[in-house]
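Biologist: I am new to this structure and would like to go through it by question and answer. Please show it to me before we start.

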Amino acid sequence: MSLNHVRPWRDIYRRKSRQIMVGNVPVGGDAPIAVQTMTNTLTTDVAATVAQVQAAAEAGADIVRVSVPDEASSEALKEIVRESPVPIVADIHFHYRRGIEAAEAGAACLRINPGNIGDEARVKEVIKAARDHNCSIRIGVNAGSLEKHLLEKYGEPCPEAMVESGLEHIRILQDNDFHEFKISVKASDVFLSAAAYQGIAEATDAPIHLGITEAGGLVSGTIKSAIGLGNLLWMGIGDTIRVSLSADPVEEVKVGFEILKSLGLRHRGVNIISCPSCARQGFDVIKTVETLERRLEHIKTPMSLSIIGCVVNGPGEALMTDVGFTGGGAGSGMVYLAGKASHKMSNEQMIDHIVEQVENKAAELDAAAEAAE
Ligand code: SF4
């Protein structure tokens, strides 16, 4: 049972949204919050793009977005969709033809702003292509590219302008009887994003795609995203997330999952609880955790592992984890299984031993889950 149900102070009440499908992935309603990323290869380089999509999917991405800036990219998209293990979202800006081509190429969703792709006839054509090919749409409002009339009305990008922009695009889809859409209102500023998302969350029941755009590099972007997305998710807002980092898409997926894991909203892989280490440590905590993170990447079963330098916090943390190790004296430490002290292990053999214990526990949890189905 999730800790969030045992302890009410951990409960998050998700905003009630409609559910749509992005390919075979449900987004919204009570579906798990989907993690997305975006490729940064040339879409026309099919092999490189497919490799990046596969790496992202292996890291846990539920959905991957690919830019479709020209006709050659639309052509490449067909093969990318065919090879991808996860639904592909086509990122379209302004070119209505690209939208139609992407829907025809098998994209599961178009990221397109219907108000920015030309006259009514063109909009209708794109919506028809999306409908004909079971393609949903993501309206992607961005503070950096707000419509001129809204900038004139509000003077600068502000939450009200972003919400109004979103509602204008929504209206176009609804007027065309198209309801398979989700929406994002991104900004690179955490305050602006958070306020815009709160506004749009109140104004529509469409599923919400969360993101802090152009968040920055791995460390700064992770922190910005954790604050911005973390606060919104904690409020119950958000049905799918994308962390935007100037980094490998796999890192975006990892950070996305870590944010969701921190809030108990999704669970995947080993959640390592480790101390920062200090002079009391009985073994090299930092090096050990680095090695274990790498050696345990293949575990997808949600479980917890505590790696603690000494008995000050070790036994207490181990109480709450599936597997634990606490440093002791004389070159060895205590292994904990299911919260209880189990046996001693030397520091030298500890990494291989912990990996084995985690693999065994994961197999046991998988078998139990299978039996319960
Ligand atoms: S658990 Fe022990 S080793 Fe780790 S930081 Fe605390 S006192 Fe230091």
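Biologist: How many disulfides does the count come to?

Modeller: This is a predicted model, in which local features need pLDDT of at least 70 and side-chain atom pairs count only at pLDDT 80 or more, while totals for chains, interfaces and linings use all residues. Residues are numbered from 1 along each chain as its sequence is written, and side-chain values use heavy atoms, with hydrogens and water left out. A disulfide is a pair of cysteine sulfur atoms within 2.5 Å. By this rule the number of disulfides is zero.

Biologist: Is Cys-135 buried or exposed?

Modeller: Buried means under 20% relative accessible area, exposed means over 50%, and partly exposed lies in between (1.4 Å probe, protein chains only). Cys-158, at 12% relative accessibility, counts as buried. Cys-135 has 3%, so it is buried.

Biologist: How many helices and strands does the protein chain have?

Modeller: Both are DSSP runs numbered from the N terminus: helices are H or I with at least four residues, and strands are E with at least two. Counted this way, the protein chain has 13 helices and 15 strands.

Biologist: What is the radius of gyration of the protein chain?

Modeller: The radius is taken over C-alpha atoms, and the globule rule is 2.2 Å times the number of residues to the power 0.38. For 373 residues, a compact globule would have a value near 21 Å. The protein chain agrees with that, at 23 Å.

Biologist: What share of the contacts in the protein chain comes from residues 24 or more positions apart?

Modeller: Contact means heavy atoms within 4.5 Å. The share refers to contacts with a separation of 6 or more, and for residues 24 or more positions apart it is 63%.

Biologist: What percentage of the residues in the protein chain is buried?

Modeller: The protein chain has 373 residues. With the cut-off of under 20% relative accessible area, the buried part is 52%.

Biologist: Where is Asp-177 found?

Modeller: Most residues other than glycine have a negative phi. Asp-177 is not a glycine, yet its phi is positive, about 55 degrees. Asp-177 counts as exposed, with 55% relative accessibility. Its place is the loop between helix 7 (159-175) and strand 8 (181-186).

Biologist: What is the phi of Ser-277?

Modeller: Ser-277 lies in the loop between strand 11 (270-274) and helix 11 (285-295). Its relative accessible area is 23%, so Ser-277 is partly exposed. Although Ser-277 is not a glycine, its phi is positive, at about 75 degrees.

Biologist: How far apart in space are Ile-307 and Ser-277?

Modeller: Ile-307 belongs to strand 12 (residues 303-308) and is buried, at 0% relative accessibility. Residues that Ile-307 touches include Ile-272, Ile-273, Ser-274 and Cys-275, with residues up to four places away in sequence not counted. Ile-307 and Ser-277 are 30 residues apart in sequence, and their C-alpha to C-alpha distance is 10.0 Å.

Biologist: Which residues is Val-163 in contact with?

Modeller: Val-163 is part of helix 7, and its relative accessible area of 13% makes it buried. Val-141 is 22 residues away from Val-163 in sequence and 8.4 Å away in space, C-alpha to C-alpha. Leaving aside neighbours within four places in sequence, the contacts of Val-163 are Ala-196, Gly-199, Ile-200 and Ala-203.

Biologist: Where is Val-66 found?

Modeller: Val-66 is buried, at 0% relative accessibility. Beyond its neighbours within four places in sequence, Val-66 has contacts that include Thr-39, Leu-77 and Ile-88. Leu-42 is 24 residues from Val-66 in sequence and 9.1 Å from it in space, C-alpha to C-alpha. Val-66 is in strand 4 (residues 63-67).

Biologist: What distance separates the C-alpha atoms of Glu-104 and Glu-75?

Modeller: Glu-104 sits in helix 4 (residues 96-105). With a relative accessible area of 46%, Glu-104 is partly exposed. Glu-104 and Glu-75 are 29 residues apart along the chain, and the separation of their C-alpha atoms is 9.9 Å.
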